[in-house]
Amino acid sequence: MALTQSPFDQHNPRVTEPLLTEQQLCTPVLRRSFRRPYPTAVRGEGVYVWDADGKRYLDFSGSAAVNFIGHGVREISDAMAEQARQLEFVHTSQFTTPVAEEFAQELLDFAGQHFAGGAVYFTCGGSESVETALKLARQYQVEIGERNRHQILSRQQSYHGATLGALAVSGNRKRREIYLPMVREFEHIGMPYCYRCAFDCTDNCCNCGQRYAAELERAIQAAKGAAAGFIFEPMSGATLGAVAPPPGYLKAVADICRRHGVLLIADEVMTGMGRTGRNFAIEHWEIGPDILITAKGVSSGYAPLGAVIASKKVVDAIAAGSGAFLHGFTYNAHPVSAAAGRTVLRRIRSLNLVHAADSEAEGTAGSTLKKALESLRDLDVVGDIRGLGLLCGVEFVADKKTKAPFAPEKNFAGLVGQACLRRGLLVYPMQGCVDGIAGDHLLIAPPAVITAEQIAWAVEQIRAAVLECAVQAH
Ligand SMILES: Cc1ncc(COP(=O)(O)O)c(C=O)c1O
C-alpha cells in the first residue's frame, strides 16, 4: 500500500497518490483523507497493533502520543466492563460517582503538592479540556473582580486542539489557516526552538530563555489589563517535535504571569502522565501552573478522557464567589472513562512506568530510546535529534550545514512515515517546524513497556526508510 501524506495532516493538498478505486474511497466513515486507503486495525497487544490482513505494526508513536501502558491490557478493559455493568452513566447535574471522586483525588496526588486542595474537571479529550481551562481562567478573573480580563495569550508554533476556542490559542499554521475567519484571536508570542534559535545563540541557548520570556511581558502590557491567562505546552508536542525550552525560560514565564495576575495554564495533553519521565513535564523546570491540562496518556487511549486539574486558588475563587462553574458537557466525568483512567493510573504506578520513561536514568526505555535515536545523527538528512523521556523528535534537513529544510512539496516526513509503515512501523510525521509550512520531522512516542530489542529494531527501520527517501528526494 502506498500512502501519500502524514496520517495526521488533514490539509496537505500535495498528494501524488495513484487514483484509488471507487470502493476504496467510498466509505460511510468520514475519514481524515479521501485520497489514501487506511489499514483496518483489529487487535492490539503490548507495543503491537495488527490489521485485518494479519500485518503487525510496532507502535513507535503511541498512536499520536496516546498509548503509554501498551495495547490490549485486560485489567483496563475488565475495569471498564465492570463499571459499565454496575452503572454506565449518570449526569453530573444530578450525581457524582465513587469512581470519579476516587480518580480525581488520585490524579491530584499524582500532580503533586502544588495541587493539594484543588479539583479536577473530567472531559472527553484534549480539546474539550483546553476549552474548559480557557473558560475556567476567564471565570476565575470575573470571580475575583477582574471582569476586564478575558484574553488568553499563547504562542506561535503551538497546538492546543481542534475546537474553535482551542484553535484560536493554537499557533499551528496549517491546522488553523482556513478557520481563522471564525476565531477570535489574541496575541501569540514567539516560541523557543534551540535548533533554530531566533537569537542565533552560540552558547547552546544557555541565556536566551529570559529574552523569549520578555516577549510575554510585552504582550501582557500591550493587552492593557485584559490578559486573563497564558497557555503553553511545557515541551512542544507535534508542531515542533519534542522541543524542550531553554534554561530559565519557564521559570521566568511563571514569574511574569504571577506578577501580572495572569493565570498560568500548562497544556500537558501530550507531555503529561509520565511521558517525559516525570509525572508531568512541568516538574523538569520546577514550575507550578494555576491550571494543568492532561488527556491522551490519562487513559492511554482505552477511553475518551481528558482532565483539567485546577489549583486550590482557582477552585476557591469560584467556591467562595458565585459558587458554580458556568460550564458543562453531557459526558463530563463519564464513569466508564473514569474507570479506565483510574485503572491506567494504578498500572502506571504499579509498573513504575514514569521511571521507565525517564531518559536521564540508566537502563530505562527512555534512555535506550535516546541513545538509539542519537545513532541516526550520522545520516546526511538528519539535522536534529531531541526530546525528553519517551517523547522525541527527529528533524530532517536538505542541507545539514545551513539547516535548509526540504521543499514542502516533497513532503519528506510524510514519505519517511509511509516507508516506515510499509516496514510495519508506526511513527508520527509532521511538517511545518521551520515556519508553519516548511520543515519536516518525526515525533516518536512509544509505550513505556517497549523493550531495548524493539527499540533497536524500530530505529533500524527508520534508518532504512530515511535512506530510501533521501535518494528519492535529492
Ligand atoms: C498539546 C495538545 N493539546 C491539545 C490537543 C488536543 O487534544 P485532542 O486531540 O484529544 O482533542 C493535542 C492533540 O494532539 C495536543 O497535543
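**Helix packing in a predicted model**

I'll start with a helix pair: the axes of helix H3 (residues 74-86) and helix H12 (residues 335-350) come within 8 Å and cross at roughly 150°. Because of that angle, H3 is roughly antiparallel to H12 (over 145 degrees counts as roughly antiparallel, under 35 as roughly parallel, 65 to 115 as roughly perpendicular and the rest as oblique). Axes here are lines fitted to C-alpha atoms, for helices over the stretch in contact, with angles from 0 to 180 degrees between N-to-C directions. Helices (H or I, at least four residues) and strands (E, at least two) are DSSP runs, numbered from the N terminus.

Some housekeeping. This is a predicted model, in which local features need pLDDT of at least 70 and side-chain atom pairs count only at pLDDT 80 or more, while totals for chains, interfaces and linings use all residues. Residues are numbered from 1 along each chain as its sequence is written, and side-chain values use heavy atoms, with hydrogens and water left out.

On confidence: pLDDT is the predictor's confidence in each residue, from 0 to 100. The protein chain has a mean pLDDT of 94, with 95% of its residues at 70 or more. Over residues 1-16, pLDDT stays under 50. Where pLDDT is low, the predicted coordinates should not be read in detail.

Back to the first pair. From H3, Glu 75, Ile 76, Ala 79, Met 80, Gln 83 and Ala 84 meet Pro 335, Val 336, Ala 339, Ala 340, Thr 343, Val 344 and Arg 347 of H12, where contact means heavy atoms within 4.5 Å.

Next, helix H14 (residues 365-374) and H16. Their axes come within 10 Å and cross at roughly 25°, so H14 is roughly parallel to H16. On the H14 side, Ala 365, Thr 368, Leu 369, Ala 372 and Leu 373 meet Ala 452, Ile 455 and Val 459 in H16.

Last, is helix H15 (residues 412-422) largely enclosed or open, and why? It is largely enclosed by the rest of the structure, because 9 of its 11 residues are buried (under 20% relative accessible area; exposed is over 50%, partly exposed in between, with a 1.4 Å probe and protein chains only). Among the buried residues of H15 are Phe 412, Val 416, Gln 418 and Cys 420. The buried residues of H15 pack against strands E3 (56-59), E12 (391-396), E13 (425-426), E14 (428-431) and E15 (440-444), and against helix H16 (452-473). Following H15 is Gly 424, with a positive phi near 85°.
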